[in-house]
Amino acid sequence: MTGRGGDLVITGIGELLTLRPRPGDPLGIVHGGAVVVEGGRVVFAGPSGAMPPSTGDRIDVRGALVSPGLCEPHAHPIFAGSRAAEFDLRAQGRSYGEIQAAGGGILATVRATRAASDEELIASTCGRLDRLLAHGVTVCEAKTGYALDVPGELRLLRLLGEAARRHPIDLSPTLLAHVPSPDRPREETVADFCSRAIPEAARLGAEAFDVYCDAGAFTLDETRTMLLAARAAGLALRVHAEQFTHTGAADLAAEVGARSVEHLEQLAPSSIERLAAAGTVCTLLPGAALTLRLPWPDARRLLDGGCTVALGTDLNPGSSLSESLPLMMSLGCMQMGMSCAEAWVGVTTAAARAVGRDDAGRLWEGSRGDLVIWDAADHREVPQHYGVGLARTVVIAGRVVRGA
Ligand SMILES: [Zn+2]
């Protein structure tokens, strides 16, 4: 996304979610509001009667709900191939061993991704970004992770950069150490990430580094070694932690000052205070818990413990093939003890913090002019009306990029 943004005036807003919290109102709701965007930035968001004179294109939304653009804090959008057969086997109760024997699992995606051309990978990634946009996403964290070897991961990072140049969504690229490469000893993979992949990723524009710490992926010691190398290279840190087994990765994330920690299905209660004190965003991924029939991450306990909780799709071909962030809000409300307001915070300001975009996920003076006009009048309808797309019009930097 380059250049000066557009000028736009939105009037007739039934409910305007500014996300500027007030006592008793975490969403900063304005009834009967208007928004003015100039040069791609919000210059006014408040009651219609207080709107300054403005000259941009006007849209009268006739009582609709208007929110900030949604922020996707956790996605694996660059991969090739299909794992639909694996999905069907899992639906019929087959074990992971049977799925691997049938050619499934992460290595199936790695083979397909390594074999795909650059253009195929860019086109399929942009298709997924189109679907995220259709559900209201304007900022998206995007991980590599389906090449495993260093040259392949750096290739995926370059291709994410090309997708970002072609697509209006603001992408935040992350280098992911997903699982040890099957082609070589695991200690060589860890050493390669530290000495080659991480410094080169920082030069290529990666904003963050992420490690999948779990049984079958990287150990706690390997995770620590790579996170410290990434911190030294100036990258923000994320950790896939406590998903299938409890490893202690959440405590490590808090200790090294990670920006976010993801999954947490198997979180130990003692970690909550550490994550809250460290200010590490807890990014919960209900799509993965739903697909894999894992226990639901306990959002209520994290929120009550003072943690910041974001919600992400975990968009990936194996354990959560969905581009719908509103569906994740629904699952947060239905299964994880979140209120509708907490789910909205989870996909706006909390997610923006996880992605490192402090001017996104909110609508007030100086914020980026990213917003969504919804086919709803009340913000609670978005998580309530699950599994459908209620995002009607999506605006990025003051320009309508989807809908009318
Ligand atoms: Zn993930």
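**Helices, sheet and domains**

Q: What angle do helix 5 (residues 150–166) and helix 6 (residues 186–203) pack at?
A: They pack at about 15°, with their axes 10 Å apart. Angles under 35 degrees count as roughly parallel, over 145 as roughly antiparallel, 65 to 115 as roughly perpendicular and the rest as oblique. So helix 5 is roughly parallel to helix 6. The model is predicted: local features need pLDDT of at least 70, side-chain atom pairs count only at pLDDT 80 or more, and totals for chains, interfaces and linings use all residues. Numbering runs from 1 along each chain as its sequence is written.

Q: What lies behind that angle, and what counts as a helix?
A: Axes are fitted to C-alpha atoms (for helices, over the stretch in contact), and angles run from 0 to 180 degrees between N-to-C directions. Helices are DSSP runs of H or I with at least four residues, strands are E runs of at least two, and numbering starts at the N terminus.

Q: Which residues make helix 5 and helix 6 partners in contact?
A: From helix 5 come Val150, Glu153, Leu154 and Leu157, and they meet Asp192, Phe193, Arg196, Ala197, Glu200 and Ala201 of helix 6. Contact here is C-beta atoms, placed from the backbone, within 7 Å. By class that's six nonpolar, no polar and four charged residues. (Ala, Val, Leu, Ile, Met, Phe, Trp, Tyr, Cys and Pro count as nonpolar, Asp, Glu, Lys and Arg as charged, the others, Gly among them, as polar.)

Q: Why is helix 6 called roughly parallel to helix 7 (residues 220–232)?
A: These two pack at about 10°, with axes 9 Å apart, and that angle makes helix 6 roughly parallel to helix 7. Val190, Phe193, Cys194 and Ile198 of helix 6 touch Glu222, Thr225, Met226, Ala229 and Ala230 of helix 7. The tally for this contact is seven nonpolar, one polar and one charged.

Q: What makes strand 11 (residues 260–263) and strand 12 (residues 281–284) a pair?
A: Pairing takes at least two DSSP bridges. Strand 11 and strand 12 are joined by three and run parallel, so they count as paired. One of the bridges links serine 260 with valine 281.

Q: Why do strand 6 (70–72) and strand 13 (309–311) count as edges?
A: The open sheet has eight strands in the order 6-7-8-9-10-11-12-13, with parallel pairing. Strand 6 and strand 13 each have a single partner strand, so one side of each has no neighbour in the sheet. From one strand to the next, the twist averages 25°.

Q: Which strands does helix 12 (residues 325–335) lie across?
A: Strand 6, strand 7 (137–143) and strand 13, and the helix runs at about 130° to strand 13.

Q: What pairs with strand 5 (residues 65–68)?
A: Two bridges tie strand 5 to strand 1 (residues 8–17), running parallel, and three tie it to strand 14 (residues 371–374), running antiparallel. Valine 66 stands opposite leucine 16 of strand 1 and also opposite isoleucine 373 of strand 14.

Q: What are the two domains, and where do their bounds come from?
A: Domain 1 is 8–69 + 361–402 and domain 2 is 71–80 + 116–355, with bounds from an automatic or database domain assignment. Their C-alpha centres lie 28 Å apart, and each domain gives 23 residues to the contact. On the domain 1 side, helix 15 (381–384), strand 15 (391–396) and strand 16 (399–402) give two or more residues. Strand 15 gives the most, with three. That side has 14 nonpolar, five polar and four charged residues.

Key:
Contact = placed C-beta atoms within 7 Å.
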